[in-house]
Amino acid sequence: MGLLDSKVALVTGAGRGIGKEISLTFAKEGADVVCLDLDPESASSTAREVEELGRRSMSLKCDVSNLSEVEGAFKSALDKFGRIDILVNNAGITRDNLLLKMSQEEWDLVLKVNLKGAFNCCKAIIKHMMKQRSGKIINIASIIGLIGNVGQTNYAASKGGLIAFTKALAKELATRNINVNAIAPGFIRTAMTEALPEEIREQMLKNIPLGRFGEPSDVANVALFLASPLSDYITGQVLVVDGGMVM
């Protein structure tokens, strides 16, 4: 018996990194997984790995910042599986720059994907979850949304906004037995973070009390907890997964 037996999860940004790890972790615990990503090839790759674990899956190309695309993707998922029990809003981007040099396009795109994307996905699924009178929504935020960072005013605003969005939506949906929580990862080894200059990586490591960078599995295990019955009495919370950087 798995923690997510008979459940259907939809994960955005499922093609790589944290989203892929969450998808596979959920599948190992018995969930069928809908894999959404802007890159259809990476989404298909994750879906195939889910099926290799013995679970049903489907992959869908979707720009989460486009509400009509989101609604179409969610309809396709519901048509196939009949239900969605878990939503993980993981899709996100960065466009780092000092505010003095930041373009309107860099600001708008990050807010559009990271914050409006979560709004679109929640908007598309909450009516279904309310009818089910059950559901788990997990928003992948960041410690940058808690502490800020030089050159990331757009990213910090999007993730800080996502945390506030999580708390407000949790209050709206609590009476319908729908839990809404957020995870705030710290420095996790992904393609995005591996591209950072070595000197920045070394400086970050000095600020981590546990003395190591996190792995996607560290975030996926917390997502599994929040998606499972183990967290049924937890809502509106932000679980920080950062090796102790923010205390």
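This is a predicted model: local features need pLDDT of at least 70, side-chain atom pairs count only at pLDDT 80 or more; totals for chains, interfaces and linings use all residues.

Biologist: Which element gives the largest share of the lining of the largest cavity?

Modeller: The structure holds one cavity of 30 Å³ or more, with about 50 Å³ of space in it. Helix H4 (104-132) and helix H6 (153-173) are the elements that give two or more residues to its lining. The largest share, four residues, comes from H4.

Biologist: How many residues of that lining are charged?

Modeller: The lining includes Thr12, Asn89, Asn90, Val113, Asn114, Ile140 and Lys159. By class, the lining of the largest cavity has six nonpolar and five polar residues, and the number of charged ones is one.

Biologist: Which residues lie nearest the centre of the second largest pocket?

Modeller: The second largest pocket has a volume of about 190 Å³. Its lining divides into four nonpolar, five polar and four charged residues. Of the 13 lining residues, those nearest the centre are Lys7, Ser134, Gly135, Lys136 and Asp232.

Biologist: What is the handedness of the crossing of H1 and H9, right-handed or left-handed?

Modeller: In H1, the residues that meet H9 include Ile18, Ile22 and Phe26, and their partners in H9 include Val219, Ala220 and Leu224. By class, this contact has nine nonpolar, four polar and one charged residues. The crossing of H1 and H9 is right-handed.

Note on methods:
Residues are numbered from 1 along each chain as its sequence is written. Side-chain values use heavy atoms; hydrogens and water are left out. On a 1 Å grid over the protein atoms alone, a cavity is a set of points where a 1.4 Å probe fits but cannot get out, and a pocket is an open set with protein on both sides within 12 Å along at least five of seven lines; lining residues have an atom within 4 Å of a point. Grid points are joined across faces, edges and corners, and a volume is the space filled by probe spheres set on the points. Ala, Val, Leu, Ile, Met, Phe, Trp, Tyr, Cys and Pro count as nonpolar, Asp, Glu, Lys and Arg as charged, and the others, Gly among them, as polar. A crossing is left-handed if the near helix is turned anticlockwise from the far one by less than a right angle, and right-handed if clockwise. Contact means heavy atoms within 4.5 Å.
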